[in-house]
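Let's take a friendly walk through this model, one neighbourhood at a time. Keep the structure open and follow along.

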Amino acid sequence: MARLLIITEYEERHIYDVISGIKDYVLEKNVPDPTICTISKEYVASIGMKGLVEWCREWKVDCVLGSFSRNDDTDLLADSGIIAVNWNSMLMDTGLPSIRTDHTTYGRICVKHFSSYRHFAFYSHTNDPRIHSIIQGFQKVLEGKPSATFDHFIFDPEADFRSELMVLKAWLRNIPKPVLILAGTDMFGNNLIEYCKVLNIDVPGKAAILGIGNSRMICDMKLTSLSSIDMNMYKVGWRIAEMMDICLKNRNFKGYDIINRPGRVIERMSTATIPSANQDVVEAARFIHLHFHQRISVNDVVQATSISRRLLEKHFAAECGMGIYQYIMKLRLDEFTEKVMHTKEPIKSIAISLGDDDSKNLSRMFREKYGCSPSSWREANTLDD
């Protein structure tokens with residue numbers, strides 16, 4: 001992969017994670033004379049595919065990553081020896097290697113991760129092409145939970161904004177609570193947090209809100225930080241670079257589709273609770289989410305509530321399915337796993353940052369859950385899913 005052109009807008013979701021993955025592949029594999037450049041979708045639309053091919057020739061572009069449609073004559077790129085990958089995950093029949101995502105998995109991820117909830121909902125805008133797949137995924141997985149409920153609201157930004165907002169507010173007031181609401185994007189999730197505040201709906205006590213994309217800048221934008229589903233786009237970038245590198249070395253190789261598997265739920269304050277009518281359990285969960293990365297004990301959690309340790313532990317276990325200490329360690333392990341899998345921070349440093357002086361403790365828990373040590377996981381997943 002010597003010279004890559006990416007057709008994108010800089011505000012496009014995930015583009016920075018993708019570029020980070022591409023850059024790391026290039027650096028770790030010592031790809032000779034690499035260049036990554038970008039061009040706007042608007043400009044490509046104005047010059048057409050013939051203009052794009054001429055642009056690539058002039059700038060000696062070897063590979064193109066872009067969102068192509070059925071009307072695009074992508075054969076012009078192939079005829080010019082330019083390797084192209086389709087970024088449009090909703091359109092697979094362009095004849096190009098594509099990035100594929102099974103959007104029905106969002107429902108499974110939500111229900112599995114937030115298994116203590118009975119009420120689920122989905123919120124997005126009409127311009128989200130994944131709506132049908134996401135709703136279908138929720139409905140399918142909830143067939144196995146007959147006591148659960150599911151609802152959705154699809155906002156039409158082309159309609160009268162005030163009227164749509166009034167209907168949305170009524171929907172938020174009336175859906176059964178406590179509810180876990182999945183928003184189609186992190187920005188939509190932040191909007192929901194604000195709407196709930198206006199309506200005096202406690203987030204996360206009554207409405208736990210989850211975004212898609214895990215854009216750290218967006219998720220940390222509000223005082224109530226947004227939990228989100230990580231899209232593993234860094235790894236997608238790595239895979240794109242790897243495939244293009246193979247194609248350049250073997251011109252007869254036509255490439256392959258890249259399967260993007262939505263990753264883990266990254267919990268922040270917007271889901272920092274347990275769905276419970278018991279306010280002491282809710283306060284205990286909130287305290288744990290705020291302080292789990294510190295050296296807190298069960299007694300510290302008890303002091304944040306108004307009841308005895310014996311009663312709190314009894315109620316907490318009944319509502320959460322695990323003890324207070326186990327819940328603290330679960331959150332620590334989730335954070336530990338997130339940093340092991342998505343950063344290059346030393347494993348011992350990660351453990352210390354989570355209030356654990358002995359990194360072997362969290363490493364042991366990681367091994368029990370994933371069947372290998374954190375260092376072994378990093379080594380095996382530098383290249384492989």
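## Tyr 195 and its surroundings

Leaving aside neighbours within four places in sequence, Tyr 195 is in contact with Tyr 123, Phe 161, Leu 165, Leu 168 and Leu 172, where contact means heavy atoms within 4.5 Å. Tyr 195 is found in helix 7; helices (H or I, at least four residues) and strands (E, at least two) are DSSP runs, numbered from the N terminus. With a relative accessible area of 16%, Tyr 195 is buried. On this scale buried means under 20% relative accessible area, exposed over 50%, and partly exposed in between, using a 1.4 Å probe and protein chains only. Tyr 195 and Lys 169 are 26 residues apart in sequence, yet their C-alpha atoms are 7.2 Å apart in space.

A word on the source: this is a predicted model, in which local features need pLDDT of at least 70 and side-chain atom pairs count only at pLDDT 80 or more, while totals for chains, interfaces and linings use all residues. Residues are numbered from 1 along each chain as its sequence is written, and side-chain values use heavy atoms, with hydrogens and water left out.

## Helix 6 against helix 7

Two packed helices are described by the angle between their axes and the distance between the axes. Helix 6 (residues 161-174) and helix 7 (residues 186-198) pack at about 75°, and their axes are 11 Å apart. Axes here are lines fitted to C-alpha atoms, for helices over the stretch in contact, and angles run from 0 to 180 degrees between N-to-C directions. That angle makes helix 6 roughly perpendicular to helix 7; the cut-offs are under 35 degrees for roughly parallel, over 145 for roughly antiparallel, 65 to 115 for roughly perpendicular and oblique for the rest.

Which residues of helix 6 and helix 7 meet? Helix 6 brings Phe 161, Leu 165, Leu 168, Lys 169 and Leu 172, and helix 7 brings Leu 192, Tyr 195, Cys 196 and Val 198. By class, this contact has eight nonpolar, no polar and one charged residues. Ala, Val, Leu, Ile, Met, Phe, Trp, Tyr, Cys and Pro count as nonpolar, Asp, Glu, Lys and Arg as charged, and the others, Gly among them, as polar.

Rings of Phe, Tyr and Trp (its six-membered ring) pair if their centres lie within 6.5 Å; planes under 30 degrees apart count as stacked, over 60 as edge-to-face and the rest as tilted. By this rule there are 13 aromatic pairs. One of them, Phe 153 with Trp 171, is tilted, at 5.7 Å centre to centre and 40° between the planes. Phe 153 lies in strand 7 (residues 149-155) and Trp 171 in helix 6, so the pair ties together parts that are 18 residues apart in sequence.

Beyond its neighbours within four places in sequence, His 152 is in contact with Phe 122, Ile 135 and Trp 171.

Helix 9 (residues 233-249) has 17 residues and reaches 24 Å from its first C-alpha to its last, close to the 24 Å expected; the expected span is 1.5 Å times one less than the number of residues. Since 13 of its 17 residues are buried, helix 9 is largely enclosed by the rest of the structure.

The axes of helix 10 (residues 279-291) and helix 12 (residues 309-320) come within 10 Å and cross at roughly 85°, and the two helices are therefore roughly perpendicular to each other. Asp 280, Val 281, Ala 284, Ala 285 and Ile 288 of helix 10 make the contact with Leu 312, His 315, Phe 316 and Glu 319 of helix 12. By class, that contact has six nonpolar, one polar and two charged residues.

## Backbone details in the loops

Most residues other than glycine have a negative phi, and most peptide bonds are trans. A cis peptide bond joins Lys 177 and Pro 178, with omega about -5°; Pro 178 lies in the loop between helix 6 and strand 8 (179-183). Another cis peptide bond, between Val 203 and Pro 204, has omega about 10°.

Asn 30 has a positive phi near 55° and is exposed, with a relative accessible area of 64%. Asn 214 has a positive phi near 50° but is buried, at 0% relative accessible area.
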